Structure formats: structure tokens, C-alpha cells
Amino acid sequence: MKNEPQKALYIPHARLLDPANGRDEQGALFVDAEGRLAPVPAKLPPAARLTVIDRPGLVVTPGLCDVHVHFRDPGATDAEDLLSGAAAAANGGFTRVVTMPNTNPPTDTPDLVRRARAAQTPVSIFPSACATLGRAGKVCAPLEALEEAGAVAFSDDGAMVADPEVMRVVMLRAKKLGRPVMDHAVLPRLQDGGVVRDCPAARALGLPLFPPEAEVEAVRADIALCRATGCALHLQHLSCAESVDLVRQARAEGLPVTAEATPHHLALAAEDIPGNDGNWRMNPPLGTRADVQALRQGVLEGTLTVFATDHAPHAPATKNKGFQAAPFGIIGLETAVAVTWDVMVRQCGMAPLAWAAAWVTAPNALIGLPPPTLAPGAPAELAILAPDDEWVVDPARSASKSANTPWAGQTLHGRAIATYRRGRLRAPAL
Ligand SMILES: [Zn+2]
């Protein structure tokens, strides 16, 4: 890993994508020794004080922001901790992440929020905090104190706040704070122990089915409460075509609803599940091909405005027990650029600038932060990407402590090769 704080950075040729300024152009990029973006000087610094990254096909964007990661710290640091999760994020092109509060103990105290916020890691951690005490869904958490401590959003992710009366209180209090409620929209009574959508593998293995209504009815209920309270609602990891329809209608109505699409739900369908492999188990589960198409369309038309990984590490011993016994979730930070660029830009024709908006401006707007930009004078916070690179996913080389990815052993196209943040270039793959 290179870590060279005193050097200037010069990228002579790249496609520069700056969604905050609507800028998509070929150009050169220069970062001075103080870590600020600046015009390329007439005379470059001497080689000893300059890092040059010059490769064909580079794309530079502001640092990516993932509003949905699980770093398991405290509670399951054998699977991930703040440092390993942040290292995986930086490898993937991210400079900011929002951690989910389903830690153990749950992040429902100001101390735990402050601890995550203060962690010295290679990405900036903006913690979310529990919506309800202990994520139990019964009593609203102390949102005001959690926000004061640095929580940027509230969520019981991993579980829905299923009681509408409790959710109403959460949303009214979050609205007063100007903070969004992020919901894992899955109704437990309709999920009813289901683990997978109907597909050949589910039938072959006799797995309990997770009906699409479990998500769709949850989305409908959440949107009704958004309408009633006026609180910003962010729907996490949507997987069903009908959910996309509901979000489209809600946004057309003018409701403050946003929704995210994960790389795995955009790329994979239930029928792709190869067999009894726990690395294909996630919540919500993979949908049908028609669902995948609807999610892609939802991104292209601007209904689903945010990409997010739902990076969910689990120690190999827990994930290698077969589909029925494995916990839900997959890692995704280091494969996110490849999968979303390949599926959305290369296959679906999404404009690269819109792609960058879904990873930079929309997620930052959601959590109330000014996004990083490529404007001269700004502190450089960058993702340096090589969308044409081919590489084989080897979980053993991941910075994550976990290996639970359905892309293990597969060749992907595109990756982040470096990030730059707070005066430091981090380029493990250069
Ligand atoms: Zn979730």
C-alpha cells in the first residue's frame, strides 16, 4: 500500500465525472501537496514530490459514498471491524460510508455513535443509529441525543420497524431533526421464515419461500407513513418490481421518498443461485429476471437514485453451512464499482455522470452532507477508477475479514484503483 502524504498527484489523462457540477469531460487532474485540487501548474513539481497516475481508460470521480454498510463493530469483529470494513471500502473507491446500527450491543446510545464517528480509518464513517431501543421495534430510541452525537440517519436495518404506531413516532421525531429514516422494508409476518424467492434451487433444496409481498406491503406501509408524517423516508435494498412502481408513484406525488438499489439485486436473479451455497443468501432475496429488469429501469429513469452495497460480512464458518443454515448477507464494497458499472453503464447504457450521481451526490444529499467535487480549490476527495480492468474476485485478497461473496472466482470488469482523501493517496492496486 502506498501512503504518501507530502506528494502532489497528477493524472494527465482521465474522464472526469463531477456530478455536483454536471461535468463529464476528458481532462487532466492535479492535486497539490496540501491536498487541494488545483489547475495543472505550468511547471510540475520534481518527480520526487509528485505521484503520476497515467493509464489509458481512467475515470476520476469524487470519492464514492455508500449509505449502507455493516461493520460488525462492536459485536462480531471476527467478521469485520471498523478498520477492516473501512479498508475494504477504500479499496472499492469509497471515501465515506454510513454504518448500520445492528451491532451488538445495538447502536442506540450516543457513546456508540461517537465511537464510530471518531474512528481513525481510511474512509469517513457517518454512523446511523437505531430507530428503536435495542432495535426491538417497541420504543423509539433517543433520536435527539443520537443525532447530537453524530448519527446521520435512523434505521433498525436487519429488521423493519413493523409496528406502524412506533414507526409514526420515529418518523415524527426524525422529521423534527431533519434526518431520514432508512427502512429495511420487509414485513416479518409475511416473510414468515422465508429465505429465498421461488426458483429452481429453492425447489431442489426445499427452502422456505420469501414472498415478494413481504417487501411490497412493507414499502406500501412505509410510504403511507411518509405521507402522514412528512418525514424523509429512505427505502433500503429494494428487490421487487412492484416496490419500484410504488416508489415511482410516491415520488410523482411529491413525497420525500428515496430508495436504493444494490449491486447484487441489479445483477443477479434467484434463478442464478447455483445450489446449496450460503453466499447467495441475502435479505431481501434475489428477485426474478423481471424484478431485475424493473430495478435497472428504476435506476435509469431516476426512481431509484442511490446505489448502496448492503456490505454484510459474516465469518466463513457461519456462511459455509449451506443455504438454509447461513445468515443473510454478502460483502460488496470491493465489487460494487465493477458490478454497477458493468450492469448499468456497459449493459444498460446509463450515462456515466448519472452513475457517479448515484454513488456520490444522491447518497450525500440523503445524509445531509455537501458532496465532494472535482472543482479546483476543493479539498481532493477522489475515486480513481479503471472501468475496463479485468480482475478475478479472490476473497482471500479482500481487505474485509469475511469472504461471503457470490462473485468469488469470477472475472469482473472494472474496479477502483485508488482513493485520495485528506491529503493521502491510497492505492493498494497500483
Ligand atoms: Zn437490510
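Start with the contacts in this chain. Take those between residues at least 6 apart in sequence: 75% of them join residues at least 24 apart. Keep in mind that this is a predicted model.

Now the overall build. I count on 14 helices and 15 strands here. Along the principal axes, the C-alpha trace spans about 65 × 50 × 40 Å. Of the 430 residues, 59% are buried.

What about the surface? The chain exposes about 15800 Å². Carbon and sulfur atoms supply 52% of that area. On charges, there are 40 positive and 45 negative ones. Their mean positions lie 5 Å apart.

Next, the metal. Which residues hold the zinc ion as protein donors? Asp157 gives OD, His184 gives ND1, and His237 gives NE2. The distances run from 2.0 to 2.2 Å. In sequence, the spacing reads D-x26-H-x52-H. Look at the pair of aspartate 157 and histidine 184, which are 27 residues apart and link distant parts of the chain. Aspartate 157 sits in the loop between α3 (143-149) and α4 (164-177). Histidine 184 sits in the loop between β9 (181-183) and α5 (188-191).

Ideal angles are 109.5 degrees for four tetrahedral donors, and 90 or 180 degrees for six octahedral ones.

Now a residue that ties back to my opening point. Leucine 385 is in strand β13, residues 382-392. Its relative accessibility is 0%, so leucine 385 counts as buried. What does leucine 385 touch, leaving aside neighbours within four places in sequence? Gly57, Leu58, Val59 and Thr61 are among its contacts. Glycine 57 and leucine 385 are 328 residues apart along the chain, yet their C-alpha atoms are separated by 8.6 Å.

On to the backbone. Two cis peptide bonds deserve a look. One runs from aspartate 73 to proline 74, with omega near 10 degrees. Proline 74 is in the loop between β6 (64-69) and α1 (82-91). Another joins asparagine 283 and proline 284, with omega about 0 degrees. Proline 284 lies in the loop between α9 (263-267) and α10 (289-301).

Then positive phi. Arginine 135 is not a glycine, but its phi is positive, about 55 degrees. Arginine 135 lies in the loop between β8 (124-125) and α3. With a relative accessible area of 23%, arginine 135 is partly exposed. Aspartate 310 also has a positive phi, near 55 degrees. Where is aspartate 310 placed? The answer is the loop between β12 (306-307) and α11 (316-319). Aspartate 310 counts as buried because its relative accessibility is 8%, under the 20% cut-off.

To wrap up, three stops on the structure. At the zinc ion, the protein donors are Asp157, His184 and His237. In β13, there is leucine 385. And in the loops, there are proline 74 and proline 284.

Methods: Residues numbered from 1 in each chain as written. Predicted model: local features only at pLDDT ≥ 70, side-chain atom pairs only at ≥ 80, totals over all residues. Heavy atoms only, no water. Helix = DSSP H or I, 4+ residues; strand = E, 2+ residues; numbered from the N terminus. Buried < 20%, exposed > 50% of the residue type's maximum accessible area, 1.4 Å probe, protein only. Contact = heavy atoms within 4.5 Å. Areas by Shrake-Rupley, 256 points an atom, 1.4 Å probe, with all protein chains shown as cover. Lys, Arg positive; Asp, Glu negative; His and termini not counted. Charge placed at Lys NZ, Arg CZ, Asp CG, Glu CD. Donors = N, O, S within 2.8 Å, 3.2 Å for Na, K, Ca; no water.
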